[in-house]
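This briefing goes through one protein model by topic, from its overall make-up to individual side chains. Please keep the sequence and the coordinates at hand while reading.

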Amino acid sequence: LVAAKWKQMLDELASYLERHGTTEVPVEPGPHAALGEWVQQQRLKKVQRSLTEDQVRRLEKLGFVWDSHEHGGPKKTPGWVIATFDAKLRELAEFREASGHCEVPSTEGELSSWVSKMRALRVKGLLTVEYVLRLTELGLMWDGKDAIWDERFKELCTFRASFGSPMDGTAPDGGALTGVHVQMPQHLSEWMVVQRQAMRE
């Protein structure tokens with residue numbers, strides 16, 4: 001099934017190449033968004049050595065560019081990103097160690113702004129494969145609010161299954177909560193506040 005899906009995406013890339021004359025598919029909203037994501041994934045997998053030799057050969061047969069920044073592509077990673085990336089990545093790693101995630105709230109100021117800029121630069125094709133890989137390995141989600149919402153919802157379901165409902169005061173078995181209550185993680189509590197506000201609107 002996985003192999004069939006990979007072949008389907010390769011065929012889509014071949015069709016895109018025929019129409020547009022390039023395998024550089026933009027990672028941005030539009031009719032080719034899924035293909036653009038797939039192209040990025042192949043680059044990451046190449047760095048991670050998780051592509052088979054046959055897959056590499058078939059991609060290269062289409063003229064696949066593994067890193068456009070090394071092939072004279074017009075888009076280059078901004079100098080300020082290169083100069084500050086390692087230091088900012090360490091800050092993000094420290095935040096993740098303390099909070100358990102990479103979704104930096106706006107209250108964190110400069111770090112939150114940096115994360116938002118990394119997402120925007122990736123969409124524009126202005127981050128190298130190496131930078132995308134290092135951020136991905138740290139746990140940064142690239143899909144924006146939908147992916148974050150899914151993750152928080154799963155956390156909420158897990159919390160309720162383990163400790164009961166924080167909203168209606170019921171235990172996992174449906175009875176009333178008794179005894180010592182478990183404190184919900186702050187990031188999950190803040191997310192729930194946002195969801196309630198959205199429902200009222």
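A polar contact is a pair of N or O atoms within 3.5 Å, and within protein one of the two must be able to donate a hydrogen while the other must be able to accept it. In this predicted model, the side chains of Arg119 and Glu103 make such a polar contact, at 2.9 Å. The points below begin with the whole chain and then return to the helix that carries Arg119.

**Overall make-up**

- The protein has 8 helices and 0 strands, and its elements, read from the N terminus on, run α-α-α-α-α-α-α-α.
- Of the 201 residues in the protein, 36% are buried.
- Among contacts in the protein with a separation of 6 or more, 53% are accounted for by residues 24 or more positions apart.

**Helix H5 and its residues**

- Helix H5 covers residues 110-123; its 14 residues reach 20 Å from the first C-alpha to the last, which is close to the 20 Å expected at 1.5 Å a residue.
- H5 is followed by Gly125, whose phi is positive, near 75°.

**Nonpolar cores**

- The largest nonpolar core has 23 residues, of which Val81, Phe85, Leu92, Trp114, Met118, Leu127 and Leu135 touch the most other members.
- Helix H4 (79-99), H5 and helix H6 (129-138) are the elements that give two or more residues to this core, and the largest share, 6 residues, comes from H6.
- A second, separate core of 14 residues includes Leu13, Leu35, Trp38 and Val56.

**Packing of H2 against H6**

- Two packed helices are described by the angle between their axes and the distance between the axes.
- For helix H2 (residues 33-47) and H6, the axes come within 10 Å and cross at roughly 85°, so the two helices are roughly perpendicular to each other.
- On the H2 side this contact is made by Arg43, Leu44 and Val47, and on the H6 side by Val129, Val132, Leu133 and Thr136.
- Gln41 lies in H2 and is partly exposed, with a relative accessible area of 37%; the C-alpha atoms of Gln41 and Leu133 are separated by 9.6 Å, although the two residues are 92 residues apart along the chain.

**Leu59 in helix H3**

- Leu59 lies in helix H3 (residues 53-61) and is buried, with a relative accessible area of 0%.
- Leaving aside neighbours within four places in sequence, Leu59 is in contact with Trp6, Leu10, Leu13, Trp38, Gln42, Leu51, Phe64 and Trp66, and among these contacts Leu13 and Trp38 are also included in the second core.
- Leu59 and Thr23 are 36 residues apart in sequence, while their C-alpha atoms are 9.4 Å apart in space.

Terms used. Residues are numbered from 1 along each chain as its sequence is written. This is a predicted model: local features need pLDDT of at least 70, side-chain atom pairs count only at pLDDT 80 or more; totals for chains, interfaces and linings use all residues. Side-chain values use heavy atoms; hydrogens and water are left out. Helices (H or I, at least four residues) and strands (E, at least two) are DSSP runs, numbered from the N terminus. The expected span of a helix is 1.5 Å times one less than its number of residues. A nonpolar core is a set of buried Ala, Val, Leu, Ile, Met, Phe, Trp, Tyr and Cys residues joined through side-chain atoms within 4.5 Å. Buried means under 20% relative accessible area, exposed over 50%, partly exposed in between (1.4 Å probe, protein chains only). Axes are lines fitted to C-alpha atoms, for helices over the stretch in contact, and angles run from 0 to 180 degrees between N-to-C directions. Angles under 35 degrees count as roughly parallel, over 145 as roughly antiparallel, 65 to 115 as roughly perpendicular and the rest as oblique. Contact means heavy atoms within 4.5 Å.
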